[in-house]
Amino acid sequence: MAGVQRRMLDRIGDEVARATSIVRYARGSSFAAHVHDLGEEFLVLEGTFTDETGDFPVGTYSRHPPGSQHAPSSKDGCVILVKLRQFDPADAQWVRTNTQQEAWLPGACGRDHQVLPLFSRGSESVAMVSPGAEPVADVYPGGLELLVLAGRIRVNGTS
């Protein structure tokens, strides 16, 4: 769509695919109404993202379950991290969290960092972690997916 740019970070499949991307909406741009057959989750990195359910300011994390639909736009422009088609078909939970207004919890294993849990169901866990976190990949048998927004991170002792 005009004014909407997508930078693919990961994709499994063709155009309709399990995908992770950064999407930039120019000021006043919109995307046609569409259905998310296997769900969508996003984190607003800059600006304000909007759909018919309201405005999502910077720092908002949202999960739209399988079968959800919307017509997104941005009045002043925004940048979002988007993950598509990775939900369990039985996952019907809607989540909307403004991470700038939630209380962070102490990190695990006595390390000097904080964690903000965003979603957990079965073997899937989504959270934000503050600087200083050092995840141990062995703890995540299904894999560990990270997006580092600032600085660097060490996993299993390696940067």
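Helices and strands are DSSP runs, numbered from the N terminus. In this predicted model, the protein chain has 0 helices and 14 strands. Read along the sequence, the pattern is therefore β-β-β-β-β-β-β-β-β-β-β-β-β-β.

The chain holds 159 residues, and buried residues make up 35% of them. The accessible surface of the protein chain comes to about 9600 Å². Carbon and sulfur atoms account for 51% of that surface. Contacts were also sorted by sequence distance. Among contacts between residues at least 6 apart in sequence, 56% join residues at least 24 apart.

One sheet was examined strand by strand. In general, strands of a sheet pair through backbone hydrogen bonds, either parallel or antiparallel. Here, 3 strands form an open sheet in the order E12-E13-E14, and the pairing is antiparallel. Strand E12 (105-106) and strand E14 (124-129) are the edge strands. Each of these edge strands pairs on one side only. E12 is joined to strand E13 (residues 114-121) by 2 bridges. Leu105 has Val115 of E13 as its bridge partner.

Strand E2 (residues 17-25) contains Tyr25. Ser21 is found in strand E2 as well. Ser21 is buried because its relative accessible area is 3%, under the 20% limit. Neighbours within four places in sequence were set aside when contacts were listed for Ser21. The contacts of Ser21 are then Arg6, Arg7, Met8, Leu9, Ile80, Leu81 and Val82.

Tyr25 has a relative accessible area of 6%, so it too counts as buried, under the 20% limit. Beyond its neighbours within four places in sequence, Tyr25 is in contact with residues including Gly3, Val4, Phe31, Phe49, Pro72, Cys78 and Ile80. Ser30, Ser73, Ser74 and Gly77 are also in contact with Tyr25. For Val4, the separation from Tyr25 is 21 residues in sequence. In space, Tyr25 and Val4 are 4.7 Å apart, C-alpha to C-alpha.

Arg27 is found in the loop between E2 and strand E3 (29-30). Is Arg27 buried or exposed? Arg27 is exposed, because its relative accessible area is 63%, over the 50% limit. Not counting residues up to four places away in sequence, Arg27 touches Ser74, Lys75, Asp76 and Gly77. Arg27 and Gly47 are 20 residues apart in sequence. Their C-alpha atoms are 9.7 Å apart in space.

Arg85 lies in another part of the chain, in the loop between strand E10 (78-84) and strand E11 (95-98). Arg85 is not a glycine, yet it has a positive phi of about 60°. The relative accessible area of Arg85 is 27%, between the 20% and 50% limits, so Arg85 is partly exposed.

Pockets were examined next. Rolling a probe the size of a water molecule over the atoms shows where empty space is left. The second largest pocket has a volume of about 600 Å³. How many residues line the second largest pocket? The lining has 30 residues, and Arg6, Phe31, His34, His36 and Leu84 lie nearest the centre of the pocket. Strand E1 (4-13), E2, strand E4 (34-36), strand E5 (40-51) and E10 each supply at least two residues. By residue type, the lining of the second largest pocket divides into 17 nonpolar, 6 polar and 7 charged.

Conventions:
Residues numbered from 1 in each chain as written. Predicted model: local features only at pLDDT ≥ 70, side-chain atom pairs only at ≥ 80, totals over all residues. Heavy atoms only, no water. Helix = DSSP H or I, 4+ residues; strand = E, 2+ residues; numbered from the N terminus. Buried < 20%, exposed > 50% of the residue type's maximum accessible area, 1.4 Å probe, protein only. Contact = heavy atoms within 4.5 Å. Areas by Shrake-Rupley, 256 points an atom, 1.4 Å probe, with all protein chains shown as cover. 1 Å grid on protein atoms, 1.4 Å probe; cavity = no way out; pocket = protein on both sides within 12 Å on 5 of 7 lines; lining within 4 Å. Points joined across faces, edges and corners; volume = space filled by probe spheres on them. Nonpolar A, V, L, I, M, F, W, Y, C, P; charged D, E, K, R; others polar. Pairing = 2+ DSSP bridges.
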